[in-house]
Structure formats: structure tokens, C-alpha cells
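Me: I have a structure open and would like to learn how to read it. Can you take me through some of its features, one at a time?

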Amino acid sequence: MLSPISDKTFFLQVFGCQMNEHDSERIAGMLESLGAIQVPELEESEIVVFVTCCVREAADTRLMGQVASMKNVPLPQGSKLDKRIVCIGGCIGQRDGAKLMEKLPHVDVVFGTQNIDRLPRLIESVLVGKGHQAEVYEASEKFATDLPSKRVHTWAAWLPITSGCNNFCTYCIVPYVRGREKSRTIEDVAAEAQALVNDGVKEITLLGQNVNSYGRDLYGEPRFADVLRAVSATGVGRIRFATSHPKDLTDEVIALFGELPNLMPALHLPVQSGSDRVLKAMNRRYTAEHYLDLVRKVREANPDVALSTDIIVGFPGETEEDFQATANLVREVGYGQVFTFIYSKREGTPAAKMEDPTPREAIQRRFDELVDIVQEGAHEQNQRFTGRVLDVLVEGTSKRDEDVLAGRSPHNVTVHAPIPAGKTIDELEGTIVKVRIDESLTWYLSGEVVDAE
Ligand code: SAH
Ligand code: SF4
Ligand code: F3S
């Protein structure tokens with residue numbers, strides 16, 4: 001029987017991390033396999049799906065604002081529906097469940113992070129007149145089975161190897177909305193990687209909240225290094241992974257940065273703070289010294305690895321001295337990129353109950369100071385690329401100039417170069433070009449294409 005979803009148009013709005021990006025690819029894949037059509041604008045859609053994030057308060061507020069404000073956007077011409085079907089999934093859906101409909105009565109479907117496979121059925125129920133549907137499952141024991149996926153780019157793919165998180169950093173909501181850590185079997189991961197390569201994918205990013213603890217639930221041993229070797233053996237051009245917890249990054253994995261030719265020289269290693277006192281209160285279970293030791297080992301294995309990190313400023317009770325320890329660590333490591341966040345209180349987490357006497361202005365000043373240090377550091381790090389010829393995977397054109405291609409170097413740094421004469425961006429997208437770097441700026445490198453694939 002033809003699904004009532006068939007021929008309906010849908011618009012996906014995604015917030016949050018790569019887990020949500022990947023879940024969204026599966027949502028798009030499922031809806032399209034039932035005959036629905038993805039559209040690039042809300043105005044053209046009959047169904048809208050918000051895949052949400054609640055890691056910081058700003059994300060919550062933004063979602064509420066967007067869902068409330070879209071209420072008056074008319075349906076596209078020719079639609080046979082009375083109103084647009086509004087669906088909320090992802091981490092806010094998981095956390096709030098049916099309660100969301102009290103705050104936002106025009107929402108039709110609420111689903112969670114554990115039952116995205118149920119979304120088509122829930123939409124169908126609304127379409128056949130069964131009224132609002134809210135369905136959120138407790139986190140499941142097993143890794144979700146494969147669902148059809150519609151990749152945003154043909155040449156790059158996310159490949160989840162674990163879901164959930166067992167770390168319970170005291171500030172973080174993720175373990176509560178994504179459940180316990182579950183690993184996919186290595187055979188499954190290798191088979192999907194091979195299928196992606198056969199499908200023409202050039203870059204695979206392995207995903208997990210903490211890829212380094214992969215396999216603990218399956219084999220009782222950390223085995224992320226084995227996954228890296230298995231994916232490397234498929235011959236895929238580029239392998240990346242996110243995210244790594246410093247407490248679980250092993251020497252074996254570090255050594256692979258000097259051994260596997262297709263493991264890209266880029267490591268995202270969130271430090272969160274440079275103060276041991278704060279790290280302890282965050283339940284991160286490593287010290288600044290241990291972290292710096294890891295950095296040294298990574299650079300010994302491969303001096304070209306570009307490091308990036310996440311930092312939280314203003315964790316409850318953070319003193320000026322704690323902050324200076326963070327600033328010093330950032331200067332010492334030399335990061336190519338740092339994602340800086342002001343601490344955001346999340347109800348239900350242990351840190352939400354901690355005393356926080358620091359005035360807002362002091363935190364903002366620390367944050368601004370850190371951003372300056374980060375920019376200076378990134379500029380300095382990027383100088384080492386000037387004069388080098390880098391392999392750049394072309395992703396499209398620069399936002400500001402249609403005649404300039406934009407892509408990423410192996411180090412995950414954005415590179416810009418004028419599109420060579422006689423070539424179009426359509427021909428170049430998804431291919432690797434060699435770019436000679438003439439100038440290294442804080443946020444990107446620019447140069448000339450010296451050889452196209
Ligand atoms: N699993 C990943 C991170 C997921 S959340 C990891 O551990 O590396 C992404 C980042 O958001 C975190 O690294 C942290 O820096 C930030 N973050 C998480 N909770 C936060 C909060 N309550 N306030 C501010 N930033 C937060
Ligand atoms: Fe959150 Fe910590 Fe788990 Fe990362 S490791 S998702 S920061 S609890
Ligand atoms: Fe946000 Fe959920 Fe990811 S809270 S950061 S989308 S796991």
C-alpha cells in the first residue's frame with residue numbers, strides 16, 4: 001500500500017553535533033524511500049522535521065523561537081493538507097517528550113534519539129487523522145540497526161561506531177539524552193566502510209561521543225585502533241574521527257597517526273579546562289599534565305598533526321587562577337582550532353547544583369581573552385602551511401566569491417583558491433586538487449591550484 005507520506009514535501013532543520021547530522025541523513029533516507037521529496041526551504045514543505053540539541057541553553061531557546069515563529073508560514077500552493085506537519089526529534093525530543101506539545105500546541109509529532117526509525121509511522125498516523133503523536137523510548141541496549149541514508153555530499157560520509165556516552169562529565173546533558181555507550185561490531189563498521197568506498201566516498205568520519213572507548217561493551221577491551229586499521233584497509237582516501245576523550249586515548253591509536261597513510265593528520269581532543277581542580281570537578285578524569293603528555297606523543301608520532309579542542313569558560317567556581325591555567329595550556333599546545341563555550345547550566349546534571357559565585361562580567365571577560373589567545377594561536381599554527389602544496393578535497397565555492405573554490409586540507413583547515421580556467425565547480429566538487437598555499441590566515445589558507453585530479 002502506498003504510504004500517505006508519498007509525494008509530500010519535507011524540510012529538515014538540524015541543530016547540534018555530528019550525531020544529529022548523521023541521524024538527519026537517515027531521516028531523509030527513510031522519508032525518501034517512502035516517496036517523500038526533500039525541499040531546501042521551509043516555505044516549500046508540507047512536513048517539517050526539527051532535529052534538536054540541548055547541550056547548551058542557547059540551543060533550546062533557538063528551537064523554541066523557530067518552532068513558534070514558523071506557525072504562520074503558509075503551506076506551499078497545491079498542498080492538500082490543512083496545516084504543515086511539525087515534528088520535533090533529537091535530544092530535546094528525547095528529554096521533554098509529550099511535554100513539548102503543551103508549550104508548542106501546533107507540534108504534531110515528538111520523537112527521540114532512540115526511535116528515529118519510527119518517525120515515518122508517526123507521521124503517517126497524523127496524516128490519517130489519528131491526532132498528535134509523541135513517542136520516546138528509553139535508551140536501547142543495542143546499537144540502532146541500519147536505516148537507509150541520504151548523504152548530504154556524495155564524497156563524504158559519517159560512520160557512527162558508537163552511540164551514547166558513559167562518561168557523565170558533570171556539566172553535560174548528553175548521557176541523559178543519548179543513553180549508555182553502545183558499540184557497533186567491527187564487522188558491521190568495516191562492511192559499511194567498504195560499501196561507502198564502493199559508492200565513491202573519499203572521506204569517512206568515524207563518529208562517537210568518545211570513540212576511544214569503542215568496544216568496551218562488546219569485548220571488554222578498548223579496540224578503537226582495530227577499527228581504524230580495518231577502515232584504513234578499505235583504501236578510503238581520508239579517515240577522520242570525532243570525538244576523543246583524553247582519558248582513553250591510547251598509545252596504540254596515537255602511533256597510527258604515523259602509520260596509516262589515509263588517517264588524516266588532524267585530532268580533535270577536547271580539553272575543557274587547563275586547571276586540575278576544575279577538571280576534577282568536571283569529572284574528566286585526567287590532569288593537564290596528562291593531556292600535555294598526550295600532545296607530545298601525538299607530535300612525536302606525526303609532527304604535522306593539527307590539534308583542535310573544546311573549552312568551557314566559567315564552570316561553577318572557576319577562579320581567575322583556574323582560567324589562567326587554561327589560557328596557558330592553550331598557548332602551550334598551539335591549536336589550529338578551538339571551540340570555546342561559556343558554561344551553560346543544564347538541569348539534571350550534577351554541576352547544576354554547584355555554587356557559582358563568579359559574576360557574569362568576569363566570565364565574559366575571560367571568554368573574550370581566551371578568544372584572542374585562540375585567534376593568535378591559530379594564525380601562528382597556520383603559518384607552517386605557507387609555501388606547501390596541500391591536497392584539498394573540494395567542497396564547493398567560497399561563501400563570498402563564486403569564482404573561488406573552498407575545500408579542506410588533510411589537517412581539516414579550510415583552503416581557498418581561484419577556480420582554474422576551463423574548470424567548473426561542478427567538475428571539481430568532491431575531487432582532490434593540489435593547492436600551493438601562498439597565504440595563511442587565521443581561519444583559512446589561500447593559494448593557487450597547481451594540479452586538478
Ligand atoms: N562527546 C564530546 C562532546 C560533546 S558536547 C566530547 O566529550 O568531546 C560538545 C562540547 O560542548 C563539549 O566538548 C563541551 O565543551 C561543550 N559543552 C557540553 N556541555 C556544556 C555545557 N553545559 N555548557 C557549555 N558547554 C558545554
Ligand atoms: Fe558529554 Fe563528557 Fe560524554 Fe562528551 S564525554 S558527551 S562531554 S559526558
Ligand atoms: Fe546536542 Fe544531542 Fe549532540 S545534545 S551536542 S545534539 S548529542
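Predicted model: local features only at pLDDT ≥ 70, side-chain atom pairs only at ≥ 80, totals over all residues.

Me: How many of the residues of α5 are buried?

Reply: Buried means under 20% relative accessible area. By that cut-off, 7 of the 9 residues in α5 (residues 119-127) are buried, so the helix is mostly covered. They are Leu119, Pro120, Leu122, Ile123, Glu124, Ser125 and Val126.

Me: Which elements do the buried residues of α5 pack against?

Reply: One helix and several strands. The helix is α1 (18-33). The strands are β3 (47-52), β4 (85-89), β5 (109-111) and β6 (133-135).

Me: Where else can I see a positive phi on a residue that is not a glycine?

Reply: Go to Asn412, where phi is about 70°. Asn412 sits in the loop between β16 (404-408) and β17 (414-418). With 28% relative accessibility, Asn412 is also classed as partly exposed.

Me: Which residues does the cis peptide bond join?

Reply: The general rule is that most peptide bonds are trans. Here a cis bond links Ala242 and Thr243, with omega about 0°. Thr243 belongs to the loop between β11 (238-242) and α10.

Me: Is Pro261 buried or exposed?

Reply: Pro261 has 74% relative accessibility, so Pro261 counts as exposed. Its place is the loop between α10 (251-256) and β12 (266-268). Now compare sequence with space. Pro261 and Gly235 are 26 residues apart in sequence, and their C-alpha atoms are 9.6 Å apart.

Me: Is Thr205 buried or exposed?

Reply: Buried, because its relative accessibility is 9%. Thr205 is part of strand β10 (residues 203-207). Leave out residues up to four places away in sequence, and Thr205 touches Ala157, Trp158, Leu159, Arg240 and Phe241.

Me: How do the axes of α13 and α14 cross?

Reply: Read the angle, then the class. The axes of α13 (residues 320-333) and α14 (residues 360-382) cross at roughly 10° and come within 10 Å. Angles under 35 degrees count as roughly parallel. The two helices, α13 and α14, are therefore roughly parallel to each other. On the α13 side, the contact uses Glu320, Phe323, Gln324, Ala327, Val330 and Arg331. On the α14 side, the residues are Arg365, Arg366, Glu369, Leu370, Ile373 and Val374. By class, that contact has 6 nonpolar, 1 polar and 5 charged residues.

Me: How does α12 lie against α13?

Reply: Start with the angle again. The axes of α12 (residues 288-301) and α13 cross at roughly 10° and come within 11 Å. That makes α12 roughly parallel to α13. From α12 come Ala288, Tyr291, Leu292, Val295 and Arg299; from α13 come Leu329, Glu332 and Val333. This contact of α12 with α13 has 6 nonpolar, no polar and 2 charged residues.

Me: Into which domains is the chain divided?

Reply: Domain 1 covers 9-135, domain 2 covers 156-383 and domain 3 covers 386-452. The centres of domain 1 and domain 3, taken over C-alpha atoms, are 36 Å apart.

Me: Which residues surround ligand 3, and which domains supply them?

Reply: List the shell, then sort it. Ligand 3 has Cys17, Asn20, Cys53, Cys54, Val55, Cys91, Val174, Arg178 and Gln209 around it. Domain 1 and domain 2 each give at least three residues to this shell. The classes are 6 nonpolar, 2 polar and 1 charged.

Me: What surrounds ligand 2?

Reply: The shell of ligand 2 is made of Cys165, Asn167, Phe168, Cys169, Tyr171, Cys172, Val174, Pro175, Gln209, His245 and Arg284. Sorted by class, the shell around ligand 2 has 7 nonpolar, 3 polar and 1 charged residues.

Key: Residues numbered from 1 in each chain as written. Chains lettered and ligands numbered in written order. Heavy atoms only, no water. Axes fitted to C-alpha atoms, helices over the stretch in contact; angles between N-to-C directions. Helix = DSSP H or I, 4+ residues; strand = E, 2+ residues; numbered from the N terminus. Parallel < 35°, antiparallel > 145°, perpendicular 65-115°, else oblique. Contact = heavy atoms within 4.5 Å. Nonpolar A, V, L, I, M, F, W, Y, C, P; charged D, E, K, R; others polar. Near = heavy atom within 4 Å. Buried < 20%, exposed > 50% of the residue type's maximum accessible area, 1.4 Å probe, protein only. Domains from an automatic or database assignment.
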